[in-house]
Amino acid sequence: MELSISKAKFTPKVFILVALILLSTGMLFGTIGGLQYIIPGFLKEALSFEKTRPLHVSSVLFWILFASMGAVLTYLKEHTGKKLYSNNLSRLLFILFVISVVAILIAYCFGVFGGREYWEFPPILSAPIIIGWILFLINFIISVGTLKNQPVYIWMWLTGIIFFLFTFSESYLWLFPYFNNHVVNDMNIQWKSYGSMVGSWNMLIYGSSMYLMTKISGDKSYAFSNKAFILYFAGLFNLMFNWGHHIYTLPTQHYVQYISYSVSMTELLILGNIIYGWKASLTKAQKFFNRDAYRFLVAADVWIFLNLVLAIGMSIPAINVYTHGTHITVAHAMGTTIGINTMLLLAVCYDILKDTCISLDPYQKLMKFGFWLANSSLFAFWIALIAAGVLKSKWQMSSDQIAFSVMMQNLTPFFIVFMISGVLLLIGIVLAIYPLFKNHLACFFTEKNIQ
Amino acid sequence: MFPDKQKFIVFSLLCIGFLSYSGFLYSHLPVSNPVFSVSQSTGKSLWQKHNCTACHQIYGLGGYLGPDLTNEYSLRGPTLIHIFLQTGNTTMPNYHLSESEIQELTDYLKCVDQTGKSDPRKFTINANGTINQ
Ligand code: HEM
């Protein structure tokens with residue numbers, strides 16, 4: 001590590017390396033959380049669920065952020081064909097993020113919390129994240145120079161960086177008594193920020209995968225096309241206004257429900273576009289499927305379709321009232337962060353890290369096996385969560401409710417499937433990324449380093 | 001290809017819309033002039049400090065290992081809340097809370113309870129897909 005973050009050798013690839021480590025440890029914490037679902041009291045003294053859940057969720061969210069930063073910085077350099085404005089700013093960004101992640105994970109282990117969902121660490125630890133992100137923004141803007149005649153992925157990256165900064169800061173408005181004085185006011189703004197924040201990292205990820213697609217196919221025209229920009233603006237519109245579907249049952253103003261319900265339905269346009277372009281993407285998929293990175297892009301396409309159908313359903317208040325508060329929400333959250341975000345980012349990781357120091361050819365079989373294992377177990381994982389959610393929903397709606405603990409006990413078979421498929425998913429992903437680690441280590445020891 | 005100028009215009013209009021909506025929401029919070037006693041507000045800090053949200057939901061939002069506590073106060077009453085907080089259970093840790101901390105958390109749950117109902121059975125579903133309570 002010292003070598004790779006020393007001034008001369010620093011490259012954005014270290015973001016990807018740390019990201020992959022966070023992904024692996026995050027899944028391990030998820031597995032412990034899953035075990036706690038089926039063995040009540042498991043590791044209660046050392047690592048109770050209020051610790052494992054944030055350890056899991058924060059690790060995987062930082063996997064997404066680190067990989068996205070690494071992707072944007074690497075691809076921006078490739079896109080402009082020049083050095084970034086400042087390597088030192090990237091290095092500082094990296095150091096600030098590593099410091100905060102380490103501090104955050106340690107704080108969780110000791111039970112020190114800020115207690116906000118997803119970002120459950122003490123608020124002070126968000127300071128290095130915000131400062132680092134401002135440096136990222138500055139570095140990005142100066143490196144890009146102008147927005148004139150730029151492909152859509154540059155717009156997406158810029159949008160993602162700006163909106164993450166805005167929404168992440170917004171999620172700390174609760175520190176002001178004006179917002180914190182009432183739980184409904186607080187949750188209203190909290191979920192406004194979270195809803196858009198997800199959209200902001202999606203912009204970074206979709207932008208990177210679009211760059212990668214352009215690179216693989218060698219065809220730049222799509223990234224400049226009207227269709228690409230229309231879909232980008234549709235995505236931005238949803239990022240800004242669809243967040244209300246998280247809080248349909250919160251007693252807030254009715255227009256919040258109406259606005260986000262109508263805006264969410266514009267996602268049907270995106271769904272329609274996928275179905276319409278199905279055949280063309282299938283032909284392309286067959287053509288490039290043997291490339292390691294491309295395989296993950298194809299998997300993400302399938303997951304986008306499945307999760308979009310679920311998400312659009314859940315955005316209809318009349319359906320949301322059934323799914324809200326059940327594991328269908330967890331299926332949606334993990335279905336999208338694993339199926340879409342993780343698959344796209346793994347494609348990017350392959351593209352950025354592969355074959356730099358050793359040939360990955362001997363590992364082809366292993367990587368393919370990991371890919372298929374991960375995707376098939378993710379399917380079982382997703383279905384098990386949806387099934388558990390449907391049964392919980394029936395329970396929530398029934399007129400003579402049995403006790404919560406009995407209902408949870410009845411769901412155990414589904415949680416066992418969830419747990420086993422979760423472990424297989426972990427194994428699949430680790431097998432798929434193992435050669436990348438190996439390559440990185442080889443780079444490290446040959447001092448060829450990760451240029 | 002759309003000219004850059006059109007892209008800037010669309011982008012700016014969307015941003016103006018977003019910022020106006022945000023500003024409007026900040027200045028028109030759902031509950032104006034809330035009354036929040038000191039004890040309740042310490043209760044909220046305790047709720048966050050112990051990360052109760054990792055296992056419990058308020059209005060369906062939170063972790064899912066434990067039950068939703070939005071209307072716990074009116075459904076089960078303060079005595080049960082006290083007992084749970086004194087002992088924990090197989091899954092829920094015993095936080096070794098002091099009597100006053102337990103009272104503050106109970107006050108907080110009382111305050112949350114008074115803000116509305118989270119039970120999905122209490123909603124009516126309209127033909128256009130919206131819901132009301
Ligand atoms: C790339 C891998 C993964 C990602 C990106 C991911 C992401 C997430 C996210 C975003 C949540 C929050 C869900 C919500 O609030 O609704 C979550 C919760 C959870 N995940 Fe994962 N996850 C991953 C892998 C796993 C694995 C392998 C397991 C093992 C079984 C697992 C077990 C859990 C558990 C138990 C929860 C808590 C559910 C609850 O709130 O009660 N995850 N995960």
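Visitor: What is the handedness of the link of A:C357 and A:C443?

Guide: This is a predicted model. In it, the sulfur atoms of A:C357 and A:C443 lie 2.0 Å apart, forming a disulfide. The angle about their S-S bond is 110 degrees, and the link is right-handed.

Visitor: Which parts of the chain does that pair link, and how many residues apart are they?

Guide: The disulfide joins A:C357 and A:C443. A:C357 sits in the loop between α16 and α17 (364-397) of chain A, while A:C443 belongs to helix α19 of chain A. These are distant parts of the chain, 86 residues apart.

Visitor: Where is the nearest cysteine sulfur to A:C109?

Guide: The search of the whole structure gives one disulfide over all chains. A:C109 is in no disulfide. The cut-off for sulfur atoms is 2.5 Å. The nearest cysteine sulfur is 16 Å away, that of B:C55.

Visitor: Is A:C109 buried, partly exposed or exposed?

Guide: Buried means under 20% relative accessible area, and exposed means over 50%. A:C109 has 35% relative accessibility, so A:C109 counts as partly exposed.

Visitor: Which protein atoms are donors of the iron atom of the ligand?

Guide: The ligand lies between chains A and B. The protein donors lie 2.0 to 2.2 Å from the iron atom. They are NE2 of A:H56 and SD of A:M334.

Visitor: What is the arrangement of the six donor atoms around the iron atom?

Guide: Six donors count as octahedral if opposite donors are over 155 degrees apart and all others between 65 and 115. Here the angles run from 86 to 178 degrees, which makes the arrangement octahedral.

Visitor: How many residues apart in sequence are the parts that A:H56 and A:M334 tie together?

Guide: A:H56 lies in helix α3 (residues 49-80) of chain A. A:M334 lies in helix α16 (residues 327-353) of chain A. The pair therefore ties together parts that are 278 residues apart in sequence.

Visitor: Does A:M334 count as buried or exposed?

Guide: The limit for buried is under 20% relative accessible area. A:H56, at 17%, counts as buried. A:M334 has 15% relative accessibility, so A:M334 counts as buried.

Visitor: What is the distance from an oxygen atom of the ligand to an N or O atom in the side chain of A:R53?

Guide: A:R53 is one of the residues that come nearest to the ligand. For A:Y37, an oxygen atom of the ligand is 2.6 Å from a side-chain N or O atom. For A:R53, the distance from a ligand oxygen to such an atom is 2.6 Å.

Notes: Residues numbered from 1 in each chain as written. Chains lettered and ligands numbered in written order. Predicted model: local features only at pLDDT ≥ 70, side-chain atom pairs only at ≥ 80, totals over all residues. Heavy atoms only, no water. Donors = N, O, S within 2.8 Å, 3.2 Å for Na, K, Ca; no water. Tetrahedral: all angles 85-135°; square planar, octahedral: opposite > 155°, others 65-115°. Helix = DSSP H or I, 4+ residues; strand = E, 2+ residues; numbered from the N terminus. Buried < 20%, exposed > 50% of the residue type's maximum accessible area, 1.4 Å probe, protein only. Near = heavy atom within 4 Å. Polar contact = N/O pair within 3.5 Å; in protein donor to acceptor, adjacent residues only side chain to side chain.
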